[in-house]
Amino acid sequence: QVQLVESGGGLVQAGGSLRLSCAASGSIFSISAMGWYRQAPGMQRELVAAIRSGGPTNYADSVKGRFTISRDNAKNTVYLQMNSLKLEDTAVYYCRVEVRPTTRPGDYIYWGQGTQVTVSS
(Lines give C-alpha, C1' and ligand atoms only; values in the text may rest on other atoms or scores of the structure.)
Protein backbone atom coordinates (compact mmCIF):
# COMPACT_ATOMS: atom_id res chain seq x y z
CA GLN A 1 0.00 0.00 0.00
CA VAL A 2 1.20 3.48 -0.91
CA GLN A 3 0.03 6.72 0.67
CA LEU A 4 0.45 10.27 -0.60
CA VAL A 5 0.19 13.27 1.70
CA GLU A 6 -0.03 16.71 0.19
CA SER A 7 0.50 20.02 1.94
CA GLY A 8 1.10 23.68 1.22
CA GLY A 9 -2.08 24.89 -0.40
CA GLY A 10 -3.95 27.96 0.75
CA LEU A 11 -5.10 31.47 -0.05
CA VAL A 12 -2.66 33.93 -1.60
CA GLN A 13 -2.90 37.26 -3.35
CA ALA A 14 -2.12 37.56 -7.02
CA GLY A 15 1.60 37.89 -7.52
CA GLY A 16 2.35 35.87 -4.42
CA SER A 17 3.98 32.49 -3.96
CA LEU A 18 3.13 29.08 -2.54
CA ARG A 19 5.05 25.84 -2.24
CA LEU A 20 3.26 22.51 -2.46
CA SER A 21 4.69 19.26 -1.14
CA CYS A 22 3.66 15.67 -1.69
CA ALA A 23 5.27 12.88 0.30
CA ALA A 24 4.87 9.25 -0.70
CA SER A 25 5.20 6.46 1.84
CA GLY A 26 4.50 2.78 2.20
CA SER A 27 5.60 -0.25 0.22
CA ILE A 28 7.72 1.61 -2.33
CA PHE A 29 10.49 -0.05 -4.30
CA SER A 30 11.02 2.85 -6.68
CA ILE A 31 9.28 5.93 -8.06
CA SER A 32 9.65 6.88 -11.70
CA ALA A 33 7.58 9.94 -12.58
CA MET A 34 6.15 12.44 -10.11
CA GLY A 35 3.91 15.29 -11.09
CA TRP A 36 1.29 17.86 -10.27
CA TYR A 37 -2.10 18.25 -11.90
CA ARG A 38 -4.84 20.74 -11.20
CA GLN A 39 -8.57 20.95 -11.67
CA ALA A 40 -10.57 24.15 -11.62
CA PRO A 41 -14.37 24.09 -11.19
CA GLY A 42 -16.07 22.91 -14.34
CA MET A 43 -12.76 22.10 -16.00
CA GLN A 44 -10.89 18.92 -16.77
CA ARG A 45 -7.89 17.93 -14.73
CA GLU A 46 -4.74 19.14 -16.46
CA LEU A 47 -1.03 18.56 -16.15
CA VAL A 48 0.86 21.36 -14.44
CA ALA A 49 4.36 19.91 -14.20
CA ALA A 50 6.10 16.55 -14.09
CA ILE A 51 9.57 15.27 -13.28
CA ARG A 52 11.10 11.89 -13.99
CA SER A 53 13.55 10.04 -11.82
CA GLY A 54 16.50 11.12 -13.95
CA GLY A 55 15.51 14.75 -13.62
CA PRO A 56 13.83 15.71 -16.92
CA THR A 57 10.89 18.02 -16.40
CA ASN A 58 7.99 19.30 -18.42
CA TYR A 59 5.55 22.09 -17.74
CA ALA A 60 2.24 23.36 -19.00
CA ASP A 61 2.77 26.42 -21.16
CA SER A 62 0.64 28.47 -18.79
CA VAL A 63 3.08 28.00 -15.88
CA LYS A 64 6.45 28.03 -17.62
CA GLY A 65 8.78 30.53 -16.03
CA ARG A 66 6.60 30.83 -12.92
CA PHE A 67 6.43 27.32 -11.44
CA THR A 68 9.29 24.96 -10.62
CA ILE A 69 8.95 21.27 -9.90
CA SER A 70 11.60 19.38 -7.94
CA ARG A 71 11.93 16.12 -6.06
CA ASP A 72 13.86 14.67 -3.16
CA ASN A 73 14.33 11.01 -3.95
CA ALA A 74 15.59 10.21 -0.46
CA LYS A 75 12.31 11.47 0.97
CA ASN A 76 10.07 10.28 -1.88
CA THR A 77 8.76 13.82 -2.02
CA VAL A 78 7.87 16.12 -4.88
CA TYR A 79 7.58 19.88 -4.60
CA LEU A 80 5.95 22.58 -6.67
CA GLN A 81 7.21 26.11 -6.13
CA MET A 82 4.63 28.51 -7.52
CA ASN A 83 5.62 32.14 -8.03
CA SER A 84 3.85 35.10 -9.62
CA LEU A 85 0.51 33.42 -9.02
CA LYS A 86 -2.43 34.51 -11.13
CA LEU A 87 -6.17 34.34 -10.58
CA GLU A 88 -6.38 31.60 -13.18
CA ASP A 89 -4.08 29.38 -11.12
CA THR A 90 -6.93 28.86 -8.67
CA ALA A 91 -7.71 25.14 -8.57
CA VAL A 92 -7.39 21.96 -6.57
CA TYR A 93 -3.88 20.64 -7.07
CA TYR A 94 -3.22 16.90 -7.07
CA CYS A 95 0.08 15.10 -6.99
CA ARG A 96 0.49 11.97 -9.07
CA VAL A 97 3.25 9.41 -8.72
CA GLU A 98 4.19 6.29 -10.65
CA VAL A 99 5.32 3.71 -8.13
CA ARG A 100 6.82 0.27 -8.35
CA PRO A 101 5.73 -1.27 -5.06
CA THR A 102 7.61 -3.91 -3.13
CA THR A 103 4.53 -6.08 -2.82
CA ARG A 104 3.66 -6.85 -6.45
CA PRO A 105 5.13 -6.56 -9.95
CA GLY A 106 4.52 -3.63 -12.24
CA ASP A 107 4.18 0.13 -11.95
CA TYR A 108 1.07 1.82 -10.59
CA ILE A 109 -0.36 5.33 -10.52
CA TYR A 110 -1.28 6.91 -7.22
CA TRP A 111 -3.01 10.23 -6.64
CA GLY A 112 -2.94 12.57 -3.68
CA GLN A 113 -6.10 13.78 -2.02
CA GLY A 114 -5.80 17.27 -3.48
CA THR A 115 -4.99 20.62 -1.95
CA GLN A 116 -6.85 23.84 -2.68
CA VAL A 117 -4.96 26.81 -4.06
CA THR A 118 -6.93 30.04 -4.21
CA VAL A 119 -5.47 33.20 -5.72
CA SER A 120 -7.30 36.42 -4.89
CA SER A 121 -7.11 39.86 -6.46
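Student: Okay, is Cys-95 buried or exposed?

Tutor: Cys-95 is buried, with a relative accessible area of 0%. Buried means under 20% relative accessible area, exposed means over 50%, and partly exposed is in between, using a 1.4 Å probe and protein chains only. Before we go on, this is a predicted model, where local features need pLDDT of at least 70 and side-chain atom pairs count only at pLDDT 80 or more, while totals for chains, interfaces and linings use all residues. Residues are numbered from 1 along each chain as its sequence is written, and side-chain values use heavy atoms, with hydrogens and water left out.

Student: Got it. Which residue forms a disulfide with Cys-95?

Tutor: Cys-22 does, and their sulfur atoms are 2.0 Å apart. A disulfide here is a pair of cysteine sulfur atoms within 2.5 Å. Cys-22 lies in strand β3 (residues 18-26) and Cys-95 in strand β9, so the pair ties together parts that are 73 residues apart in sequence. Strands are DSSP runs of E with at least two residues, helices are runs of H or I with at least four, and the numbering goes from the N terminus.

Student: And what's the relative accessible area of Cys-22?

Tutor: 0%, so Cys-22 is buried.

Student: How many disulfides does a search of the whole structure find?

Tutor: It finds 1.

Student: What is Thr-77 in contact with?

Tutor: Leaving aside neighbours within four places in sequence, Thr-77 is in contact with Cys-22, Ala-23, Met-34, Ser-70, Arg-71 and Asp-72. Contact means heavy atoms within 4.5 Å. Thr-77 is found in strand β8 and is buried, at 7% relative accessible area. A polar atom of the Thr-77 side chain also lies 2.9 Å from the backbone oxygen of Lys-75.

Student: New topic: salt bridges. How many are there?

Tutor: The count comes to 6 salt bridges. The rule is a side-chain nitrogen of Lys or Arg within 4 Å of a carboxyl oxygen of Asp or Glu.

Student: Which residue forms a salt bridge with Glu-46?

Tutor: Arg-38, with the closest N and O atoms 2.8 Å apart. Glu-46 counts as partly exposed at 35% relative accessibility, whereas Arg-38 counts as buried at 6%.

Student: Where does Asp-89 come in?

Tutor: The side chains of Asp-89 and Arg-38 meet in a salt bridge, 2.9 Å from N to O. That pair links distant parts of the chain: Asp-89 is in the loop between β8 (77-82) and β9, Arg-38 is in strand β4 (residues 28-39), and they are 51 residues apart. Asp-89 counts as buried, at 1% relative accessibility.

Student: So which residues are linked in the network of salt bridges?

Tutor: Arg-38, Glu-46, Arg-66 and Asp-89 are linked in it. Elsewhere, Arg-96 forms a salt bridge with Glu-98, their closest N and O atoms being 3.0 Å apart, and both of these residues are buried.

Student: How do β2 and β9 run relative to β11?

Tutor: Strand β2 (residues 10-13) runs parallel to β11, joined by 4 bridges. Strand β9 (residues 91-101) runs antiparallel to β11, with 3 bridges. Two strands pair if DSSP finds at least two bridges between them.

Note on methods: A polar contact is a pair of N or O atoms within 3.5 Å; within protein, one must be able to donate a hydrogen and the other to accept it, and residues adjacent in sequence count only if both atoms are side-chain atoms.
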